[in-house]
Amino acid sequence: MQRKALLDAIGNTPLVELRRVIPAGSARVVAKLESTNPTGSMKDRMARAIVERAAADGRLQPGGTVVEYTAGTTGISLALVCAALGYKAHFVFSDAFAEEKRYTMLAYGAEITDVPSDKKQINEQLIKKMIATAGEISRRPGYWWSDQLNNGDGESGYHALGEELVVQAGPQVDAFVHAVSTAHSIHGTASALRRHNPKVRVVAVEPAESAVLSGKPSGSHKIEGIGIGFIPPLWKPDEVDEILTVTTGEAKAMARRLAREEAIFAGTSTGANVVAAARVAARLGPKATVATIIVDTGLRYLSTDVFRA
């Protein structure tokens, strides 16, 4: 029997079809259940890619420390990879994000530096202060800043996700709908889908309260993990066909519906994905297939108000 390392458990996640939250007469909507990755998040794919590449080319030295700012999900995934490969981790976090994420990063052995928020709001000012803090910490000897916003290696981690989608859903995925943070996951997945169907429609999702990709003013919202309040450096607008906005309220309501009606327990970024996917599916009609992503597990949000309504 072949023996596998822990990181080999990343990927090859199930595909599920959404049935009850999608209006009748709509396209088939399928979603990758990324909550079945080792940490319960799609970010495991990205974290493995960037750490392994940095180690291979010498940017990350043996026994070194990986530094990153994080809303928690990326930090948890990086902490897992660091623990598995023998690296240390130091993350910049904030009280704007769910406490479950803090304790999970600590459980994997990470060190955390906090940047206080303004009444737990996620906005450009908070994110940029967290980024600056990570940059300062990274200047310490033996520290390497993974710099997710500017590190193109992260995109390669999602190529396999797109290939898995093609195998599981069939080559004629008509539209791919996904929320934007660093832009790694939407571009990496879409590039793989396009190799099989150049006409696939790629739809980006962002918070309505901070719709900067749509050319609107930066603002504050509560959809954790997306909507950083400014244009991500790795954003490729020419590779996206459409941008849809979803409010925090809509995202939270859909997260609750997914748990109660589809038995899918996920966070608010997943809720935003499904709200937007349902809109696209209603427009395309019953002969089409729309794909999206169940980003992470709802277990990370039990201390928030998402599931208390």
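Helices here are DSSP runs of H or I with at least four residues, numbered from the N terminus. A quick note on what you're looking at: this is a predicted model, where local features need pLDDT of at least 70, side-chain atom pairs count only at pLDDT 80 or more, and totals for chains, interfaces and linings use all residues. Residues are numbered from 1 along each chain as its sequence is written, and side-chain values use heavy atoms, leaving out hydrogens and water.

Still on that pair: α6 covers residues 159-169 and α7 residues 184-196, and they pack at about 40° with axes 6 Å apart. Axes are lines fitted to C-alpha atoms over the stretch in contact, and angles run from 0 to 180 degrees between N-to-C directions.

Next, grab α1 (residues 43-56) and α2 (residues 73-85): their axes come within 8 Å and cross at roughly 50°. That makes α1 and α2 oblique to each other, and their crossing is right-handed.

Now hop to the loop between α8 and α9 and click A266. Is A266 buried or exposed? A266 is buried, with a relative accessible area of 1% (buried means under 20%, exposed over 50%, partly exposed in between, with a 1.4 Å probe and protein chains only). Last, select L299: A266 and L299 are 33 residues apart in sequence, yet 7.5 Å apart in space, C-alpha to C-alpha.

Notes:
Helix = DSSP H or I, 4+ residues; strand = E, 2+ residues; numbered from the N terminus. Parallel < 35°, antiparallel > 145°, perpendicular 65-115°, else oblique. Left-handed = near helix turned anticlockwise from the far one by under 90°.
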